[in-house]
Amino acid sequence: MAKPKIATAWMAGCAGCHMSFLDIDERILDVVKLVDITTSPITDFKHFEDVDIGIVEGTVNTTKDEEVLRDLRAHCKILMAWGDCACFGGIVASRNPFDKTDCLRRGYIETESTVHGKIPSSDEIPRLLDKAKPANHVVKVDCFVPGCPPNADSIYYALVELLNGRIPVLPANMMRFD
Ligand code: SF4
């Protein structure tokens with residue numbers, strides 16, 4: 001029987017959630033026995049194919065993030081959000097009380113280390129959205145693994161639950177980072 005397929009995507013985030021996944025250490029050998037990891041920052045394939053489980057890290061911060069998230073959602077049966085950025089907006093959403101243009105000006109022009117700064121502008125550069133959003137403000141998300149990052153045990157638990165046909169509900173002791 002074919003193994004279930006997984007794809008993962010990385011929006012506006014620090015890659016810490018994917019690093020936490022890799023922190024499951026030798027259990028990753030059990031995971032790759034059970035699933036095929038297709039498109040992912042880990043494999044570096046670029047285009048989604050149809051998969052059983054989609055996993056997303058990071059905040060929806062730019063037009064590209066929104067495009068990637070919709071693309072992943074369209075190709076997966078179950079979508080799981082990893083980490084506070086994807087679940088709630090996380091640190092990236094701390095820009096939301098401010099005007100988008102002020103954020104760009106602060107980031108590209110006004111920081112103390114910047115000399116002759118300029119806000120980049122090109123059709124090839126994704127546009128910053130007016131507000132940073134968690135994944136479920138854009139598409140349906142089926143399960144959430146919060147934490148910044150979620151610890152490796154929580155990620156492993158959630159994955160195994162899904163592979164056993166259950167939508168994971170994290171026990172209380174996995175809702176904090178130890
Ligand atoms: S939730 Fe934390 S670890 Fe994960 S991408 Fe966001 S900032 Fe990084």
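## Basis of the model

The model is predicted, so local features need pLDDT of at least 70 and side-chain atom pairs count only at pLDDT 80 or more, while totals for chains, interfaces and linings use all residues. Residues are numbered from 1 along each chain as its sequence is written, and side-chain values use heavy atoms, with hydrogens and water left out.

## Overall fold

The chain has six helices and seven strands. Helices (H or I, at least four residues) and strands (E, at least two) are DSSP runs, numbered from the N terminus. Starting at the N terminus, the order of elements is β-α-α-β-β-β-α-β-α-α-β-β-α. The radius of gyration is 17 Å, close to the 16 Å that the globule rule gives for 178 residues, so the chain is as compact as a globular protein of that length. The radius is taken over C-alpha atoms, and the globule rule is 2.2 Å times the number of residues to the power 0.38. Along the principal axes, the C-alpha atoms fill a box of roughly 55 × 35 × 30 Å.

Of the 178 residues, 41% are buried. Buried means under 20% relative accessible area, exposed over 50%, and partly exposed in between (1.4 Å probe, protein chains only). The accessible surface of the chain is about 10100 Å², and carbon and sulfur atoms hold 56% of that area. Accessible areas come from the Shrake-Rupley method with a 1.4 Å probe; for residues, only the protein chains shown count as cover. Take the contacts (heavy atoms within 4.5 Å) between residues at least 6 apart in sequence: 77% join residues at least 24 apart.

## The five-stranded sheet

Five strands form an open sheet in the order E2-E1-E3-E5-E7, with parallel pairing. E2 and E7 stand at the edges with a single partner strand each, so one side of each has no neighbour in the sheet. Two strands pair if DSSP finds at least two bridges between them. Strands of a sheet pair through backbone hydrogen bonds, either parallel or antiparallel.

E2 is joined to E1 by two bridges, and Ile6 stands opposite Ile37 in E2. Strand E1 (residues 5-10) is linked to E3 by five bridges. Ala7 faces Gly54 in E3 across this pairing, and Trp10 has Glu57 as its bridge partner in E3. Strand E3 (residues 51-57) and E5 share six bridges. Glu57 is partnered by Trp82 in E5. Trp82 also stands opposite Val145 in E7. Three bridges connect E5 to strand E7 (residues 143-145). Strand E5 (residues 76-82) is mostly covered, with five of its seven residues buried.

## Around the ligand

The shell around the ligand consists of Gly13, Cys14, Gly16, Cys17, Glu57, Gly83, Asp84, Cys85, Gly147, Cys148 and Pro149. A residue is near a molecule or strand if one of its heavy atoms lies within 4 Å of it. Two elements give two or more residues to the shell: helix H1 (16-22) and helix H4 (83-88). H4 supplies the largest share, three residues.

By type, the shell has five nonpolar, four polar and two charged residues. Here Ala, Val, Leu, Ile, Met, Phe, Trp, Tyr, Cys and Pro count as nonpolar, Asp, Glu, Lys and Arg as charged, and the others, Gly among them, as polar.

Most residues other than glycine have a negative phi, and most peptide bonds are trans. Cys148 and Pro149 are joined by a cis peptide bond, with omega about -10 degrees. Pro149 sits in the loop between E7 and helix H6 (152-163). Both Cys148 and Pro149 belong to the ligand shell.

Asp25 is not a glycine, yet has a positive phi of about 55 degrees. Its place is the loop between H1 and helix H2 (27-34). Asp25 is partly exposed, at 47% relative accessible area. Asp44, also not a glycine, has a positive phi of about 70 degrees. Asp44 lies in the loop between E2 and E3 and is partly exposed at 47% relative accessibility.

Thr38 is in the loop between strand E2 (36-37) and E3. Thr38 is buried, with a relative accessible area of 6%. Beyond its neighbours within four places in sequence, Thr38 contacts Lys5, Ile6, Ala7, Thr43, Phe45, Glu49 and Val51.
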